Amino acid sequence: MTTVRIAGLSKRYGSTTAVDDLDLEIGTGVTGLLGPNGAGKTTLLRCLATALAPDRGRVEAYGLDPAVAAQRTELRRRLGYLPQDPGLYPNFSAAALLDYVAVLKEMTDGRRRRAEVRRVLEEVGLADRATVRVRKLSGGMRQRLGLAQALLGEPDLLILDEPTVGLDPEQRMLFRALISRLGETRTVLLSTHQTEDVGALCERVVVMRQGRIVYDGTPRGLAHQAEGQVWLSAQPPEGNLLYWRNSDGEFRTLGTQPPDGTPVKPSIEDGYLMLLGPEVAVR
Amino acid sequence: MTATLVEPVRAPARVATASLVLKEARLLLGMSTVWIGVVLAVALCTAWGWTTEPRWDVFTANSGMASLVLAGFLVLIGHLAASRDHRHGSTEFARTLPSPARRRTVGLLALVPAAGLVAASAVLAELILLLPSWPVGAFDPWLIGVAVVIPMVGAAVGVAVGRWLPSTATGPLTLFGLAAVLAILPVLGSSADALPWLLFPVVLDENVAPTMPRPTGAHLLYLVALLVAVVAGALLRHRRLLTSIVMAVALVLAVAAVQRQRDERVPTGPETALPYLDESAQHCERRGLVTYCALHGYGPWISLWRDAIDPVVRALPPGVTDLPLVRQGTGPATSVIADQHWGRHGSWARDSRTDLRSQYIRVLLRMPDQLAGHPGPGGLAERNRAVLPQGSLELSTGPGCSGSGQLRTVMALWLVAQADRDGRAVLSHPENLRFGRVDIGRAEIEAAKRLVEAPRDRVGALLADNWASVRSAAPAGDVLAPFGVANLPVADEESACP
């Protein structure tokens with residue numbers, strides 16, 4: 001079921017076009033947003049999260065148009081947003097911050113609000129840090145706290161901009177479990193540079209480049225983009241798009257087959273790199 | 001990770017706003033910085049009033065000045081709270097929350113009543129710290145209101161500036177600007193009815209009679225109108241028309257209140273103060289042999305005056321009945337004038353007692369007063385007017401005269417020494433021994449020390465036998481010879497006290 005519709009969305013910063021006439025429909029489940037730096041992912045998420053007004057085009061979520069003030073407020077009630085840099089109030093304790101955000105999310109019943117704060121703190125594994133001031137939390141913990149504030153009130157639409165930055169492997173696994181469960185009933189749009197997260201979580205992946213969508217499909221389909229173009233060889237290849245030495249001492253190559261190359265099943269990352277071409281690969 | 005699904009509750013806007021208001025108020029009341037400000041304000045008020053017995057006019061002025069310090073804290077706190085979303089990159093996530101900007105501003109304005117609560121608790125703490133003393137004089141509830149409203153204005157200014165100019169530097173700059181304006185107001189006009197003085201938030205004590213009318217209600221109205229204008233200024237971002245009207249009305253009200261203060265203010269000077277200080281304004285009580293007349297609300301100080309004077313009265317010969325009255329305000333020069341100031345602790349209290357006691361002895365023994373004239377009929381203001389045609393309330397001092405060789409000078413010193421267990425020690429500090437403008441010589445002090453060492457009965461008998469001489473400028477002659485005091489040097493007729 002489609003919950004989010006974006007049509008002809010454009011946003012410019014001066015002479016730079018961040019998002020260029022973009023059309024996208026998203027439904028319930030976890031959708032991954034991939035793209036190099038400056039591809040327009042964050043701008044797209046900001047427009048959808050009502051943090052930024054587009055120059056042109058239309059955004060609609062659950063039938064609500066954020067360009068209309070009343071509908072924007074209603075949309076915000078159904079929205080959980082974790083920005084790239086959550087910038088949480090450093091002098092608040094974790095629980096106090098969440099309680100304050102919960103009040104701003106119009107949770108007025110004190111008892112239920114406190115229960116909700118406890119719930120989200122447990123969800124992100126910060127229950128034992130509830131009374132610690134934000135400024136004393138590590139970067140990963142702050143990221144989890146940012147996620148916790150987005151989860152307050154069980155929002156229908158979760159917009160997460162690079163949510164796994166700073167998380168240790170264990171926390172990343174817990175995060176995946178949490179997001180995949182939420183994605184069963186909600187719309188989750190997450191922007192990330194971690195292709196493993198996309199492979200593990202998303203039933204759909206959208207790749208952006210220079211403000212436009214260059215791929216929209218399944219993670220498997222993205223991996224398929226590099227089908228027949230990933231090789232293992234004993235010698236370093238010449239003239240290929242990208243290669244690196246793996247832990248077995250072999251060279252993994254993207255592009256044309258090296259003289260001693262044997263084909264390998266491509267990963268999402270391979271597909272992503274092949275899709276964006278040599279420019280991104282070199283970067 | 002297990003999640004317990006909690007169905008979110010969407011409240012009506014009014015309830016959500018009330019919830020945010022309560023939250024912001026709780027946040028403020030939970031801030032240690034606010035309570036540091038309260039402690040500082042209470043400490044300053046207590047320190048400023050520490051040396052004197054409390055009076056309502058002085059207490060409310062000190063409390064008002066201390067509340068300015070608290071208001072300074074609240075300007076910064078209010079600004080930090082209002083600009084919270086604009087620091088540490090919080091703007092983006094805060095912007096996507098469903099509470100609209102107007103509700104955020106209304107919520108932040110919860111700091112205003114919370115600041116009033118904090119200020120009221122500070123005033124209460126300041127009063128409690130006065131115990132076991134309690135302020136005397138006329139209690140003016142409007143002035144207590146001033147001390148409460150000033151921090152509210154501070155909080156409102158902080159929020160308003162924070163909503164309009166959220167940059168971090170604006171808060172301290174605003175505080176600096178306000179402090180500069182407040183510092184410059186008394187410079188622009190220092191008389192009590194000058195406009196800059198009326199614009200100054202605190203009504204300072206002017207040492208006037210407690211019943212003298214002061215337009216303090218109009219001053220409080222001026223502050224409340226200012227508060228409303230600032231609150232409207234904070235809300236101006238959201239409801240331009242309504243808040244503009246409210247702001248304009250509040251400013252008009254503020255101007256009218258200041259004008260009313262100007263109109264109702266009684267001009268300073270002895271002429272205008274006289275009706276509030278003369279005998280009709282005093283309440284008299286007889287305690288023992290002495291009658292004490294206190295101005296309105298100063299009754300509790302009678303026991304302090306009595307403590308100062310009783311040792312003198314006890315040392316007088318039995319049968320002496322024409323004892324001077326002790327009165328506050330104005331009265332005949334045959335009475336002793338206690339002013340509206342009394343030291344509270346240690347040497348400050350001792351000095352007050354010594355001053356009143358010396359004055360009492362001076363009047364009792366008919367020594368010349370500050371004007372070095374003969375005590376006689378006529379109020380202080382009347383005599384003062386003769387000396388100071390401009391009509392200042394301050395008493396000037398006339399030329400000095402010499403009490404050398406006079407019996408009353410020696411007996412005055414002996415009477416002063418009776419108030420202390422170690423009378424010689426009292427006499428060892430001649431700088432503290434003042435009887436109007438009477439100059440006291442070393443010989444008289446030494447003679448008084450001899451009397452102090454003698455049995456009190458003997459000196460009492462001497463006093464009784466020579467009571468008429470003691471109350472005149474008569475020379476001591478050989479009256480003191482039995483006490484080992486040789487003839488005292490006598491001043492020439494021209495410089496001798498009459």
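**View 1. Contact between helices α3(B) and α8(B) in the predicted model.** On the α3(B) side, the residues are G72(B), V75(B), L76(B), H79(B) and L80(B). They meet T170(B), G171(B), P172(B), T174(B), L175(B) and L178(B) of α8(B). By class, the contact of α3(B) with α8(B) holds six nonpolar and five polar residues, with no charged ones. Helix α3 of chain B covers residues 56-82 and helix α8 of chain B covers residues 170-188; their axes come within 9 Å and cross at roughly 155 degrees. Angles over 145 degrees count as roughly antiparallel, so α3(B) is roughly antiparallel to α8(B). The crossing of these two helices, α3(B) and α8(B), is right-handed.

**View 2. Crossing of helices α3(A) and α4(A).** The axes of α3(A) and α4(A) come within 9 Å, and the crossing angle is roughly 125 degrees. α3(A) and α4(A) are therefore oblique to each other. The crossing of α3(A) and α4(A) is right-handed. From α3(A), the contact takes A94(A), A95(A), L98(A), D99(A) and A102(A); from α4(A), it takes R113(A), E116(A), V117(A), V120(A) and L121(A). Seven residues in the contact of α3(A) with α4(A) are nonpolar and three are charged, while none is polar.

**View 3. The side of chain A that touches chain B.** Here 35 residues of chain A are in contact with 26 residues of chain B. The elements of chain A that give two or more residues to this side are α2 (69-77), β5 (79-82), α3 (94-104), α4 (110-123) and α6 (169-182). Helix α4(A) gives the largest share, five residues. By class, the side of chain A that touches chain B has 18 nonpolar, six polar and eleven charged residues.

**View 4. The largest nonpolar core.** This core has 153 residues, and those with the most contacts inside it are L98(A), L111(B), V153(B) and A156(B). Its largest share, 15 residues, comes from helix α7 of chain B, residues 141-164. One of the residues named above, L98(A), also belongs to the contact of α3(A) with α4(A).

Key: Residues are numbered from 1 along each chain as its sequence is written. Chains are lettered from A and ligands numbered from 1 in the order in which they are written. This is a predicted model: local features need pLDDT of at least 70, side-chain atom pairs count only at pLDDT 80 or more; totals for chains, interfaces and linings use all residues. Two residues are in contact if their C-beta atoms, placed from the backbone, lie within 7 Å. Helices (H or I, at least four residues) and strands (E, at least two) are DSSP runs, numbered from the N terminus. Ala, Val, Leu, Ile, Met, Phe, Trp, Tyr, Cys and Pro count as nonpolar, Asp, Glu, Lys and Arg as charged, and the others, Gly among them, as polar. A nonpolar core is a set of buried Ala, Val, Leu, Ile, Met, Phe, Trp, Tyr and Cys residues joined through C-beta atoms within 7 Å. A residue is buried if 20 or more other C-beta atoms lie within 10 Å of its own, exposed if 12 or fewer, and partly exposed in between; C-beta atoms are placed from the backbone. Axes are lines fitted to C-alpha atoms, for helices over the stretch in contact, and angles run from 0 to 180 degrees between N-to-C directions. Angles under 35 degrees count as roughly parallel, over 145 as roughly antiparallel, 65 to 115 as roughly perpendicular and the rest as oblique. A crossing is left-handed if the near helix is turned anticlockwise from the far one by less than a right angle, and right-handed if clockwise.
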